[in-house]
Every structure is written in C-alpha cells, then in structure tokens.
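Please read the points below alongside the coordinates. They are kept to a few local features.

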Amino acid sequence: MPESNKLFVCYIPGMDRRRVDEQQTPYVHGLLQDYPSCRLRTIPSTELTPTLLTGVGPGKNLIWQVSRKDVDPLTTIGKLLNLLPEGVTTTAQCFKHFIDNTYDLTAVPWWRRRQFNLHRMKYTRRETDPNCLNEIGGYSSILKELGPDESGYVFCKHFVDMEKGLSIFPRAGKRLDFVEFYGLDLYSHWHLDKIDKINDKLRYVDSFVERLHKRCRDAGVTMMLLVDHGQELIRESINIQKLIKNSGVPRDEYVYFCEVSAVRFWFKTERARTAITKLLQGVEHTALQTYQQMHDHGICFDDPRFGELYLFANHGHTFFPHDFYNPLANLFLGLTDRLLRPRLLNARHRGNHGHLPNHPAEEGYLVMGERDYDVTRETMEVTDFAPTVMSLLGRPPADHMNGAPAVIHAGPPARLSEPGA
Ligand SMILES: [Zn+2]
C-alpha cells in the first residue's frame, strides 16, 4: 500500500459467516469469494474493540468485566441495607444510573457489587467519548499510534445512522477511519429468533457495504470489512443463580459475577470451593474452566483476581437471570430503544456470542476491498488486527503489539471493478 493510501475499516460485528450467502448477501458473499480474506479467531468476550485496537488481550488491557476487591466489614448502615430485599437496592441503583450514567452494573445486588473493581468499556462510553480508546490499560491503540489527525473512530448504533454515514464516509484527511457499525449485532441479540427480520437487516447491511465500498473506491480509499464474530440462536436459559443460592454454602464464603454467557467465581473457603466446583461440574450444557485453562482461549491472567473458576454456557444457552437483568431497567430499555423492543415480552437474549471459541458463532473474517493484497495465513488472531493495520499504513507496530500482520500489500495496485468482475 503506497504511503499516500488510506484505509477504511468497516467493522460489522455479528455478521455471521453462516448467514452470508448468494441469496441474502450477494455483495459480501462476492467479496469473500473473490477478494483477499482470512478467518479471524476470537476470544470469549463480548468486548472485543479494546483488543482489536490495542493488539493486546484482556490479560493486558484489563477490559474483562470485574476483578475482586477486598472490602472492609459491613458498617451498621451496611448491615441495615443488607436486610432490604435485593430488588429494592438494585432498583435504587438503577435510578442512580439515570442521574449518573457512569454508574455501572446497577443490576448487581450491592453487597456483591461492593466486592468488585469495574473493568468494563460499554459501547455507550465509546459512543460518547471515543478518546477513551486512545490508551486502554496503559497500552496505546492504533488510533493513538497514528494520531488524531490521521485516524478516527466512529461508533454507529442505529441502521438509520448507517444510512446517514454513507454521505460522510470515508472522511477526507483520515489515513485510517475505523467505524463500528453495531446495529446488526445488537439487533441480532434481540431478534435472532425472527429469521425474516434478520434476513431483512442482512440484505440492508449487504447493500450498505456495496455502496460504502463504491464510495471508498471513488475516494481512493481501501475498504477493509472486519467481522469478529457471529451469533448463535438461544434455545434455553439456565438459572445458575438459583442453583448457587440453593447449594447451602454460606454466601459470604464465595463471590460470583454472572454474565449472559459465563459466570465467574472466587472462593474464600476451601469448603465453598469444593462444594460449588462439584455443583458446577453437574450443570448441563456448560463447560467449566479454571483461570489457567482460560489461557488457551487468549484470556491470560497470572492470578485469580479476575475470576478463579469460569462456567461457560454452551452455544444455544445463556444464564438467566444474569447480572445485567433488572425488571425495571429492562422495561425502560424495551420502551426507549426500538432495537431492544423484544425485551418487553421476554428479557432473555435471542442470540448471543462470547462463549468459548471453536464454534462458528465465535468465528470472524476480514476481507480487503481491493485485490492487490496477500493474506499471510488462513486464520488470524484478534490481536493480529492492530499490527495488520499499522503495517498496511506503512508504520511499525507499537512494541506491545505482538501479533503479526495477516494481510500485506502485494505490490503495485491492480485494481479491478466489482466483485465477480
Ligand atoms: Zn454482541
């Protein structure tokens, strides 16, 4: 890629490769057939943007939900609060969130919440303050490495905003435009059981990519389509919280944090460790992993402060209720965000990802929108993305970006027109 060239990363999480075909999505299907592309192996997380942009995994950028905090014994007020039903305190926390939207994890009962340090980067934060992506956990991202004049990140949630984006993108002057089109992923989480609706959105996204690709070409910018995962239809939920509660182990002997696809545990006594581990081993449609085993999936922590034991739901299953569920907040979200309307009928996700890898729902892909590139291997890691971009823009990767470029420029441009041409 010549020094003067520019890159537009069209990031569409959730565009499952299994649903990309000649009928529904002919344009993206054509790109995958005819243009340089490689598969992308992801990590068991729903927060992948920090890893994509920094080139280091959650073990370093620390975007990994929560870690355990040592807390002082309860004060008298704390003891009194403890007597209130959990629904009362979590509802109060939800109201607190309305006033201060940086207040997070409102649905976690306060006595558990106080034992957590928060390490989350919600999309709402990326949306309102893209500068939070410059440096994550002390590691600079490709945006910081390239500088604000040459690079930019835009978060785009609604389909209608994608359409508006077509008149803006690619932006003049940016060598790197990284635009996250989150609508399809969010929509799939709540509509994957309605295949006609999903197909409508897929057809729209396909035509959007076609029009965006044309705009990039007209502007002399290379488009890169990046999809880091798909989604699996949810068939059943598991009430793990009830199971733990009924285990008979006193609740002050362990701590847990329950996401949609995984629950993590910390134990304060050997008795709790033994009893709960045994209980979890017997939960159907799940897989149990120690934090050391998580290293095999790209989640590399040297100690158990981010979780000692993880229980992952198998694909097609989620945990419900989980630590993001509060009936009042669910009602509010269902009423105020049209992408989330199905919440009003049923608060369980319809589609999901972020489970253990080695499943098609957790597989992504990267396609170059021009033919003058070579892919260096069949499958790239999510940490290879940052060094790939740096190398395509003719810059050395930052020292911490240990991955390897998955795409390289193949030589003088030999640009062709449409896919299939
Ligand atoms: Zn998602």
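Predicted model: local features only at pLDDT ≥ 70, side-chain atom pairs only at ≥ 80, totals over all residues.

1. Residues are numbered from 1 along each chain as its sequence is written, and side-chain values use heavy atoms, with hydrogens and water left out.

2. The zinc ion is coordinated at 2.1 Å by Asp185 (OD), His189 (NE2) and His353 (NE2), where donors are N, O and S atoms within 2.8 Å of the metal (3.2 Å for Na, K and Ca), and sites may look incomplete because water is not among the atoms. The spacing of the donor residues in sequence is D-x3-H-x163-H.

3. Asp185 and His189 lie four residues apart in helix α10 and are therefore separated by about one helical turn. Both of these residues are buried, meaning under 20% relative accessible area with a 1.4 Å probe and protein chains only.

4. Helix α10 (residues 183–191) packs with helix α11 (residues 195–218) at an angle of about 170 degrees, the axes being 10 Å apart; helices are DSSP runs of H or I with at least four residues, and strands are runs of E with at least two. Axes are lines fitted to C-alpha atoms over the stretch in contact, with angles from 0 to 180 degrees between N-to-C directions. The two helices α10 and α11 are therefore roughly antiparallel, the term for angles over 145 degrees. Contact (heavy atoms within 4.5 Å) involves Leu184, Tyr187, Ser188 and His191 of α10 with Lys197, Ile198, Lys201, Leu202 and Val205 of α11.

5. In helix α1 (residues 26–34), the buried residues include Tyr27, Val28 and His29, and among the elements covering the buried residues of α1 are α11 and β2 (37–41).

Methods
Parallel < 35°, antiparallel > 145°, perpendicular 65-115°, else oblique. Buried < 20%, exposed > 50% of the residue type's maximum accessible area, 1.4 Å probe, protein only.
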